[in-house]
Amino acid sequence: MILDGMPGRVEKDYPLDLLNTWKIGGPAEIVYWPQTSADMSIVWQRAREAKIPVWLIGRGSNLLLPDEGLPGITLVTTSLRAIEWGEYKVQVEAGYTLAHLSQEAGERGWSGLEFARGIPGSVGGAVMMNAGAHGGEIAPHIISVTALWADGTVKKLERAELEFAYRFCSLRGKAWVVETQLAFSPGDREQILSQMKENLRNRVVNQPLEKPNAGSVFRNPPGDSAGRLIESAGWKGKSIGGAQVSDKHANFIVNTGNAKAKDVLALIDAISKDVQSKYGIKLQMEVAYFNEARIEGEQSLQND
Ligand SMILES: Cc1cc2nc3c(=O)[nH]c(=O)nc-3n(C[C@H](O)[C@H](O)[C@H](O)COP(=O)(O)OP(=O)(O)OC[C@H]3O[C@@H](n4cnc5c(N)ncnc54)[C@H](O)[C@@H]3O)c2cc1C
C-alpha cells in the first residue's frame with residue numbers, strides 16, 4: 001500500500017470538515033500528514049504509479065471541499081514546519097503558518113510581511129495564491145521557491161523564474177510548494193507591530209470572523225471590488241441552506257452551522273449569474289474547489 005512504512009499521522013475515512021476553515025466536506029478516504037518534503041515526494045510518486053488521486057491541503061483557508069468526500073490520498077502540509085532564520089531572510093517549509101511567520105518577523109523588527117498578520121493560510125498556500133492584503137502581497141518578498149513537480153522531481157526556482165499576478169503564481173496546477181526563501185528589510189519593531197495590530201483590528205471590524213468562512217470567495221475584477229458588486233446586487237444576508245452571504249462583507253460566505261458544499265456552490269452560482277446579468281461582469285472564484293470530476297482527466301498535481 002502507498003503509505004506503508006511512511007512516518008507520520010495517517011487517518012482513514014477522516015472528516016474533511018476538520019481540515020478547512022469553512023468546516024465543510026465529507027470523508028476523505030485517506031489523509032496523510034507528511035513529516036518531510038521527501039515523504040511528500042515519495043507518496044506522490046507511488047500514488048502516480050498506482051494511478052491513485054492525490055490532493056494537497058495547507059491550512060484549508062481558501063478551499064471548498066466536496067460533500068461526497070475525496071477518494072485517494074489527501075496530503076496535509078501542516079507538519080512541514082522547518083524554519084531557518086538568516087540575516088533578514090528566512091527559509092521556511094510550506095506548512096508553516098503565514099500569520100505566525102509574519103508575527104515572528106515583526107518581533108525581530110523585520111519589515112515585509114505586515115500585510116500577512118491576519119491571513120490564516122500556510123506559507124505554501126500563500127505562495128501558490130500570491131496571498132495579499134492592505135496593499136501588500138507575498139510575491140515581492142520571495143527569493144526562491146523549492147517545488148515538487150508532477151514528474152516527481154524537486155527543483156528550486158529563483159524568483160525571476162516564476163510569474164506572479166493578483167492571486168496567481170505560475171506554479172499553479174504544475175507543482176507543489178515544498179519550501180520558500182523570503183527576504184525582509186530592517187524596520188522599526190514598534191511600528192511594524194502596531195501596523196499589524198491595526199490590520200487585525202480592521203479585519204475584526206470588516207470580516208465575519210465569528211463564523212466559519214474561507215476569506216474572499218471571488219477575485220476582485222480589474223478596477224472594481226467583488227464585495228461592492230455583490231452588495232449592490234442585493235446579496236448581503238441572503239442564504240441557501242446553511243450558506244449565507246455575510247452581512248459584514250458581501251464577498252464572504254459564512255457557514256451558519258450546517259452548510260454543505262452544494263449550498264455554497266448554489267450561492268456562488270446564483271451570485272455570479274446575477275452580477276453578470278446586472279453589471280455584465282463575470283466574477284471568477286478565488287477559493288479553490290476540489291471535486292471528483294477532475295480525477296477522470298490526466299493525473300496532475302491537484303491544486304486548482
Ligand atoms: C478569515 C480569512 C481571511 C483571509 N484573508 C485573506 C487575505 O487578506 N488575503 C489573501 O490573499 N487571502 C486571504 N484568505 C485566504 C487564505 O488564507 C489564503 O489564500 C491562503 O494563502 C491559503 O493558504 P492555505 O494553506 O489555507 O491553502 P488551502 O486553502 O489549504 O489551499 C488553497 C489552494 O492552494 C493549494 N495549496 C496549498 N498548499 C500548497 C502548497 N504547498 N503547494 C501548492 N499548492 C498548495 C491547495 O491545493 C488549494 O488549491 C483569508 C481566509 C480567511 C479564512
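Trainee: What makes Leu-171 count as in contact with residues such as Val-145 and Trp-149?
Mentor: Contact requires heavy atoms within 4.5 Å. In this predicted model, Leu-171 meets that with Met-128, Val-145, Ala-147, Trp-149, Leu-157, Leu-162 and Val-177, leaving aside neighbours within four places in sequence.

Trainee: Which residues of the largest nonpolar core touch the most other members?
Mentor: Leu-171 is one of them, along with Leu-98, Leu-101, Leu-113, Ile-138 and Leu-182. This core holds 33 residues. Strand 7 (89-93), helix 2 (98-107), helix 3 (123-129), strand 11 (142-149) and strand 15 (175-183) each give two or more residues to this core. A second, separate core has 24 residues, including Trp-22, Ile-230, Val-245 and Val-287.

Trainee: Why is strand 15 called largely enclosed?
Mentor: Buried means under 20% relative accessible area. Seven of the nine residues of strand 15 are buried, so the rest of the structure largely encloses this strand.

Trainee: How do you know that strand 15 pairs with strand 7 and in which direction they run?
Mentor: Pairing takes at least two bridges. Strand 7 and strand 15 have five, and they run antiparallel.

Trainee: What makes strand 11 a partner of strand 15?
Mentor: Seven bridges join strand 11 to strand 15, against the required two. These strands are antiparallel. Leu-148 has Trp-176 as its bridge partner in strand 15.

Trainee: How many bridges join strand 11 to strand 12?
Mentor: Five, and the two strands run antiparallel. Strand 12 covers residues 154-158. There, Leu-148 has Val-154 as its bridge partner. The hairpin of strand 11 and strand 12 has four residues between the strands, and Gly-152 takes a positive phi near 95°.

Trainee: Why is Lys-174 called partly exposed?
Mentor: Its relative accessible area is 47%. Buried needs under 20% and exposed needs over 50%, so Lys-174 falls in between. Lys-174 sits in the loop between strand 14 (168-169) and strand 15. Its C-alpha atom is 8.7 Å from that of Leu-148, 26 residues apart along the chain.

Trainee: What makes the pair of Lys-174 and Ser-170 a polar contact?
Mentor: The cut-off is 3.5 Å between N or O atoms. A polar atom of the Lys-174 side chain lies 3.3 Å from the backbone oxygen of Ser-170. That value is within the limit.

Trainee: Why is Glu-286 called buried?
Mentor: Its relative accessible area is 10%, and buried means under 20%, so Glu-286 qualifies. Glu-286 is in the loop between helix 6 (261-279) and strand 20 (288-289). Among the residues Glu-286 touches are Asn-62, Tyr-166, Arg-167 and Arg-219.

Trainee: Which element gives the largest share of the shell around the ligand?
Mentor: Helix 3, with five residues. Strand 3 (54-57), strand 9 (132-133) and strand 15 also give two or more residues each. Of the 36 residues around the ligand, those that come nearest are Leu-56, Gly-58, Ser-61, Ser-122 and Gly-132.

Note on methods. Residues are numbered from 1 along each chain as its sequence is written. This is a predicted model: local features need pLDDT of at least 70, side-chain atom pairs count only at pLDDT 80 or more; totals for chains, interfaces and linings use all residues. Side-chain values use heavy atoms; hydrogens and water are left out. A nonpolar core is a set of buried Ala, Val, Leu, Ile, Met, Phe, Trp, Tyr and Cys residues joined through side-chain atoms within 4.5 Å. Buried means under 20% relative accessible area, exposed over 50%, partly exposed in between (1.4 Å probe, protein chains only). A polar contact is a pair of N or O atoms within 3.5 Å; within protein, one must be able to donate a hydrogen and the other to accept it, and residues adjacent in sequence count only if both atoms are side-chain atoms. A residue is near a molecule or strand if one of its heavy atoms lies within 4 Å of it.
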